Amino acid sequence: MTGGVRRALEFAVVFAAYVATARLGLTFDAVGGVATAVWPPSGIALAALTLRGRRLWPAVAAGALVANIATGIPAWGAAIFAVGNTLEAIVGSALLGRFGFDPRIRRLRDVLLLVGLAAMASTVIGATFGLGGAALMGIGAGESSAGFWAVWWVGDAMGDLLVASLIFVWALPRVRLSLRPLRLLEVALLGVALTFVSMLVFRRQSTLRVVELVRGTYVVTPLLIWAALRFEQRGAACAMILVATVAITATGVPGSYFAAGTIHERLLMTDVYLAVTAISMMTLAAALAERRFAIGARDEFISIASHELKTPLTALKLRLSSAIRTQERPGPRDASSEEKLGRALVASSMTTDRLVSLVEDLLDVSRLTAGRLVLRFERVPLDDLVRDVTGRLREQANETGSPIEVSIPGPVLGSWDRTRVEQVVTNLLTNAIKYGAGKPIALSAYAGDGWARLQVKDLGQGISRADQSRIFQPFERVATTTRVGGLGLGLYIGRQIAEAHGGTLTVESAPGHGATFTLDLPLEPPAVVTTSPKRAS
Ligand code: ADP
């Protein structure tokens, strides 16, 4: 499919989904015919702009305009509503993007971001435009403004909480769905049980006294917990939609659970119940996913670490065996065996250095986790330091065919921990050699305005946007076609060292076009040097 066709299709899908779910939303109780208990389109718009990019905003604007005109209000009023709906989605998705929201909602942080930034904050825009437009058109004149605004706001928030979260957790391919018969049977059982119990609680009045006595929303909770425990985010989101559909469609039915009072009161009761339950279930599912992820990461780490340590250990063993054989050969040693012995010992020493640096990295993670990274400041000429590091790595760089071009036009002198800065520069250069596809590497450094800047630029495979923030996390690596050794700790440690100096370590890259890592350090130490404990997973 060409880019143009795909974009047109995306546009059409978002537009159609917006209009269709808006009609659906308005078939339930609606204040003044426009403000509803759940406004699914706000969730669809947020999910579309977050997942497929904010350039889709015209689809949201067009959908909102058509959906609002269809309610029978004048076109200029519909346009005011549509501006609010569209701005809300743009701001919501921009805020989520800004704070690193992961649409798979597998961390507690993602739940907080979705609830706080999207559902609660961005929806203020839609509700305010809604109230403004309604006031100009004289809609809901008998209502209190605050009540009207609140219903609109809560409706949009519920759209984000229930509908956007459902799309988020299903949209991205993650684990393949298990289609084992027992699993499918469990899904069916849970679905039937949840529908039956929700109907009993929210919809019907029973003639059985005992059913009336125990009728309460708490009866639904164990089934929702079942969904979250066994099917995590996807299960929890589906179960919530099911319960919400039953609860909302029941509000107009006499004798139903949330039937009492005025339309405002009915909406308020239904929405508060649904919001509290949805947030609780999302939190539970995210906490479970976080735990599963942490356990998986630990197991993976153990396997990577053992592999990484075993490779140099095996090499070391081979080299030492060869040295011992040469040494034990009877008779006087000739020049060639002397040379062989010497080579084996030098190689062993280099392999040992590699082992020491791996173990040092692991120790650094423990130090950083405990906040025990101590810096020893001294006057360091950066050009000297760079010369040392490049000298040491020259051979490794020649092996892969990447020449290192150094450009340091003037003196760069600062107060830093020499060993630690050396460690960062070594890591950046080693990475450029490892991932630089054998092309030239450029290292530049200069000082100005109280800061020093060092950049390492390679022309290798580059790093996608999504991976750019991930690689600074401990044990995070990007999958490559050829296996490149490493623990995924260098950049994490590097950034912590930069920050402990009061500086930063950042990356700019595009896949296929190489990567530029920039280390910015103040020339003088920060007033307070702290290394607060960092969580390592
Ligand atoms: P390691 O190199 O030991 O895996 P790092 O923390 O140094 O650990 O790097 C983390 C990941 O970032 C690497 O596994 C690699 O996928 C990616 N990466 C780092 N530097 C580069 C680079 N210059 N070009 C492309 N990818 C890189």
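This is a predicted model: local features need pLDDT of at least 70, side-chain atom pairs count only at pLDDT 80 or more; totals for chains, interfaces and linings use all residues.
A residue is taken as exposed when its relative accessible area is over 50%, and as buried when that area is under 20%.

Alanine 437 occupies the loop that links helix H13 (418-435) to strand S6 (441-448). Its relative accessibility is 55%, and alanine 437 is therefore classed as exposed. The phi angle of alanine 437 is near 55°, a positive value in a residue other than glycine. Aspartate 449 lies in the loop between S6 and strand S7 (451-458). Here phi is near 60°, again positive in a residue that is not glycine. Because its relative accessible area is 81%, aspartate 449 also counts as exposed.

The packing of the helices was examined next. Two packed helices are described by the angle between their axes and the distance between the axes. For helix H1 (residues 3-27) and helix H3 (residues 57-69), the angle is about 30° and the axes are 8 Å apart. Since angles under 35 degrees count as roughly parallel, H1 is roughly parallel to H3. The two helices cross in a right-handed sense. On the H1 side, the contact is formed by Phe11, Val14, Phe15, Tyr18, Val19 and Ala22, and on the H3 side by Pro58, Ala59, Val60, Ala62, Gly63, Ala64, Val66 and Ala67. By class, the contact of H1 with H3 comprises 13 nonpolar residues and 1 polar residue, with no charged residue.

Arginine 55 is situated in the loop between H2 and H3. With a relative accessible area of 44%, arginine 55 is partly exposed. When neighbours within four places in sequence are set aside, the contacts of arginine 55 are with Arg7 and Glu10. Phenylalanine 11 is itself one of the H1 residues in the contact with H3.

The largest nonpolar core contains 52 residues, and those with the most contacts inside it are Leu162, Phe168, Phe202, Val220, Leu224 and Leu274. Two or more residues each are supplied to this core by helix H2 (40-52), helix H5 (108-137), helix H6 (145-171), helix H7 (181-203), helix H9 (221-250) and helix H10 (263-328). The largest share, 15 residues, comes from H9. Leucine 162 touches Val38, Met240, Ile241, Ala244, Leu274 and Ala278, neighbours within four places in sequence being left out. Another core, of 48 residues, lies apart from the largest one and includes Leu382, Val421, Leu429 and Ile463.

Leucine 162 also takes part in the packing of H6 against H9. These helices pack at an angle of about 150°, and their axes are 9 Å apart. As angles over 145 degrees count as roughly antiparallel, H6 is assigned as roughly antiparallel to H9. The crossing of H6 and H9 is left-handed. Leu162, Leu166, Val169 and Trp170 of H6 meet Gln233, Arg234, Ala237, Cys238, Met240, Ile241 and Ala244 of H9 in this contact. The residues of the contact of H6 with H9 divide into 9 nonpolar, 1 polar and 1 charged. Met240, Ile241 and Ala244 of this set are among the residues in contact with leucine 162.

H9 packs against H10 as well, at an angle of about 165° and with the axes 9 Å apart. These two helices are therefore roughly antiparallel to each other. Their crossing is left-handed. The contact of H9 with H10 has 19 nonpolar, 4 polar and 2 charged residues.

Glutamate 232 is located in helix H9. Its relative accessible area is 15%, so glutamate 232 is buried. Residues up to four places away in sequence being excluded from the count, glutamate 232 has contacts to Ala227, Ala285, Leu288, Ala289 and Arg292.

Key
Residues are numbered from 1 along each chain as its sequence is written. Side-chain values use heavy atoms; hydrogens and water are left out. Axes are lines fitted to C-alpha atoms, for helices over the stretch in contact, and angles run from 0 to 180 degrees between N-to-C directions. Helices (H or I, at least four residues) and strands (E, at least two) are DSSP runs, numbered from the N terminus. Angles under 35 degrees count as roughly parallel, over 145 as roughly antiparallel, 65 to 115 as roughly perpendicular and the rest as oblique. A crossing is left-handed if the near helix is turned anticlockwise from the far one by less than a right angle, and right-handed if clockwise. Contact means heavy atoms within 4.5 Å. Ala, Val, Leu, Ile, Met, Phe, Trp, Tyr, Cys and Pro count as nonpolar, Asp, Glu, Lys and Arg as charged, and the others, Gly among them, as polar. A nonpolar core is a set of buried Ala, Val, Leu, Ile, Met, Phe, Trp, Tyr and Cys residues joined through side-chain atoms within 4.5 Å. Buried means under 20% relative accessible area, exposed over 50%, partly exposed in between (1.4 Å probe, protein chains only).
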